[in-house]
Amino acid sequence: MTKKMKIAVLPGDGIGKEITPQAVAVLEIIGKKYEHAFEFETHIVGGAAIDETGHPLPDETLRSAMAADAVLLGAVGGPKWEGLDYAIRPERALLGLREKLGLFANLRPAILYPMLADASTLKREVIEGIDLMVVRELTGGIYFGQPRGVETFEGGERGINTLVYTTAEIERIARIGFEVARKRSKKLMSIDKANVLEATELWRKVVTKVHKDYPDVALSHMYVDNCAMQLIRNPKQFDVIVTTNMFGDILSDAAAMLTGSIGMLPSASIGKECIAGRPDCLKGMYEPIHGSAPDIAGQDKANPLASILSAAMMLKYSFALETEAAAIEAAVFKVLEAGYRTPDIAEAGSKQIGTEEMGRRVIEQLA
Ligand code: IPM
Ligand code: MG
């Protein structure tokens with residue numbers, strides 16, 4: 001047995017509660033098969049935590065996440081908590097975890113599984129072979145900038161958010177972008193709005209400067225509005241995209257839909273100890289990019305594959321267990337190849353199954 005790997009499990013709300021146990025079960029099988037000692041500690045977060053403690057990110061949950069080597073998160077939020085004050089909404093838990101754990105880089109792969117090409121709303125020839133990675137800055141920009149808030153103003157109100165980036169913040173995310181690109185097709189596209197926003201004019205300047213350390217990677221720049229268009233028009237021109245927090249939020253949803261189902265896509269949020277691919281890297285948070293889907297929660301309908309694939313990303317990025325991660329990915333591929341589908345990716349003729357059975361089928365492949 002190798003050393004213990006501590007994993008904080010935060011299922012959260014809605015379908016998060018159903019899909020996360022499937023990913024944990026997959027990790028347990030991996031642990032058994034490859035002799036790794038994973039240690040799980042489950043805690044409440046988001047709406048579930050609000051109901052129990054009045055706060056979306058209770059101290060105990062945060063402490064567990066900080067003490068762990070990696071965090072497996074389900075999803076947070078739901079209509080029940082929508083009217084609450086911003087400071088205690090379920091979403092604050094996510095932002096708090098990202099900030100407190102220093103997870104400034106968010107890796108969002110969008111891969112089209114060939115057998116799911118018809119699940120996309122785009123034409124097959126546009127999306128076939130899609131395999132791209134959005135590297136999103138995660139702890140800065142307009143999500144965290146000060147001042148912020150809503151204040152009284154000239155007889156009405158005024159809402160304020162601030163887009164702010166420092167050289168250091170841009171430089172470190174740019175490096176992640178270049179490192180990721182270096183391991184793929186050596187093409188990096190940086191997205192900004194440098195024609196209008198000074199903060200992203202600086203973004204472009206700093207990314208260009210960092211490029212000097214990565215002469216083997218080809219760097220290009222694109223404005224965010226054009227990128228949104230190009231992602232739909234000709235997504236295959238992209239390989240690795242690096243961008244700001246808010247642009248990354250938006251573009252990664254668009255990229256996700258190219259693949260047909262948001263229910264398939266995992267993500268990794270990593271920090272300073274975890275420059276992509278470093279063998280000793282630790283501490284990351286792994287979660288599906290989809291939300292808590294309250295409309296289908298509790299019905300055994302949710303697709304657990306994004307969560308299972310997030311567990312694979314955890315093995316790869318936090319624990320440098322490439323073989324094990326690849327085994328999970330291969331198992332998912334085989335189950336899809338065999339025609340099994342949760343409702344979100346089902347087509348005529350496929351074998352429709354629920355959350356639990358999907359998890360079980362993946363495990364079967366691994367065992
Ligand atoms: C995401 C989500 C979050 C974000 C929300 C839930 C706070 O949309 O992870 O993309 O905007 O970052
Ligand atoms: Mg989002």
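## Contacts with ligand 1

Let's start where protein and ligand meet: 2.8 Å separates an oxygen atom of ligand 1 from an N or O atom in the side chain of Arg-98. Arg-108 also has a side-chain N or O atom 2.8 Å from a ligand oxygen, and for Tyr-143 the distance is 2.6 Å. On its own, ligand 1 has 320 Å² of accessible area, and the protein covers 74% of that (Shrake-Rupley method, 1.4 Å probe).

This is a predicted model, in which local features need pLDDT of at least 70 and side-chain atom pairs need 80 or more, while totals for chains, interfaces and linings use all residues. Residues are numbered from 1 along each chain as its sequence is written, chains are lettered from A and ligands numbered from 1 in written order, and side-chain values use heavy atoms, without hydrogens and water.

## The shell around the ligand

Which residues are around ligand 1? They are Glu-91, Leu-94, Arg-98, Arg-108, Arg-136, Tyr-143 and Asp-249 (a heavy atom within 4 Å counts as near). By class, 2 are nonpolar, none polar and 5 charged; here Leu and Tyr count as nonpolar, and Asp, Glu and Arg as charged.

Helix H4 (residues 90-100) gives the most to this shell, with 3 residues (a helix is a DSSP run of H or I, at least four residues; a strand is a run of E, at least two). Domain 1 (1-103 + 271-367) and domain 2 (105-262) each supply at least three shell residues, with bounds from an automatic or database assignment.

## Two backbone details

Most residues other than glycine have a negative phi, and most peptide bonds are trans. Gln-146 and Pro-147, however, are joined by a cis peptide bond, with omega about -5 degrees. Pro-147 lies in strand S6 (residues 145-153).

Glu-154 is not a glycine, yet has a positive phi of about 40 degrees. You can find Glu-154 in the loop between S6 and strand S7 (156-162).

Note on methods:
Polar contact = N/O pair within 3.5 Å; in protein donor to acceptor, adjacent residues only side chain to side chain.
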